[in-house]
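Visitor: I am new to this structure and would like to learn how to read it.
Guide: Then let us look at it together, one feature at a time.

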Amino acid sequence: MPQRLHLVFGGELVDPQRTEFENVDDIHIVGMFSDYDSAYDAWKSEAQRTVDNAHMRYFIAHIHRLRDEEAEASSTEELGS
């Protein structure tokens with residue numbers, strides 16, 4: 001089974017209804033996790049810690065989905081090669 005990496009990160013949003021960060025330089029990188037359950041636990045901990053700030057949001061990015069070795073390269077990947 002291939003390794004499944006998950007990145008947990010968050011920060012303050014411009015508007016709680018959108019996913020645009022107020023300041024990209026202030027994004028909090030919680031960490032990289034090798035399974036979804038660990039990533040979820042880290043996400044939940046940070047989300048609960050910042051629950052009083054309506055503009056603060058944390059996310060789980062499925063890093064393993066960014067590069068599927070079996071799939072054809074997208075046109076942007078081909079441009080970079």
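## Reading the model

Guide: This is a predicted model.

Visitor: Is H6 buried or exposed?

Guide: The general idea is a cut-off: buried means under 20% relative accessible area. H6 has 3% relative accessibility, so H6 counts as buried.

Visitor: Where does H64 lie?

Guide: H64 lies in the loop between β3 (56–62) and α2 (75–80). A polar atom of the H64 side chain is 3.1 Å from the backbone oxygen of L5. H64 has a relative accessible area of 19% and is therefore buried.

Visitor: How much of the protein chain counts as buried?

Guide: The figure is 21% of the 81 residues of the protein chain.

Visitor: How many helices and strands does the protein chain have?

Guide: There are two helices and three strands in the protein chain. Their order is read along the sequence, and here the pattern is β-β-α-β-α.

Visitor: Which residues form the negative surface patch?

Guide: E12, E22, D25 and D26 form the negative surface patch. One of these patch residues, E12, is found in strand β1, which covers residues 6–12.

Visitor: Why does E12 count as partly exposed?

Guide: The general idea is that partly exposed lies between the two cut-offs, under 20% for buried and over 50% for exposed. E12 has 39% relative accessibility, so E12 counts as partly exposed.

Visitor: How far apart are R57 and E12, in sequence and in space?

Guide: Sequence and space are read separately. R57 and E12 are 45 residues apart in sequence, while their C-alpha atoms are 6.4 Å apart in space. R57 has its place in strand β3, and E12 is in strand β1.

Visitor: How does R57 count in terms of accessibility, and why?

Guide: R57 counts as partly exposed because its relative accessibility is 32%.

Visitor: Which points should I go back to in the 3D view?

Guide: Go back to strand β1, where H6 and E12 are both found. H6 counts as buried at 3%, whereas E12 counts as partly exposed at 39%. Then find H62, whose side chain makes the polar contact with the side chain of H6, and the loop between β3 and α2 that holds H64.

Conventions:
Residues are numbered from 1 along each chain as its sequence is written. This is a predicted model: local features need pLDDT of at least 70, side-chain atom pairs count only at pLDDT 80 or more; totals for chains, interfaces and linings use all residues. Side-chain values use heavy atoms; hydrogens and water are left out. Patches are made of residues with over 30% relative accessible area and no salt bridge: like charges are joined within 9 Å, nonpolar side chains (Val, Leu, Ile, Met, Phe, Trp, Tyr) within 5 Å. Accessible areas come from the Shrake-Rupley method with a 1.4 Å probe; for residues, only the protein chains shown count as cover. A salt bridge is a side-chain nitrogen of Lys or Arg within 4 Å of a carboxyl oxygen of Asp or Glu. Lys and Arg count as positive and Asp and Glu as negative; His and the chain ends are not counted. The place of a charge is taken as NZ of Lys, CZ of Arg, CG of Asp or CD of Glu. Helices (H or I, at least four residues) and strands (E, at least two) are DSSP runs, numbered from the N terminus. Buried means under 20% relative accessible area, exposed over 50%, partly exposed in between (1.4 Å probe, protein chains only). A polar contact is a pair of N or O atoms within 3.5 Å; within protein, one must be able to donate a hydrogen and the other to accept it, and residues adjacent in sequence count only if both atoms are side-chain atoms.
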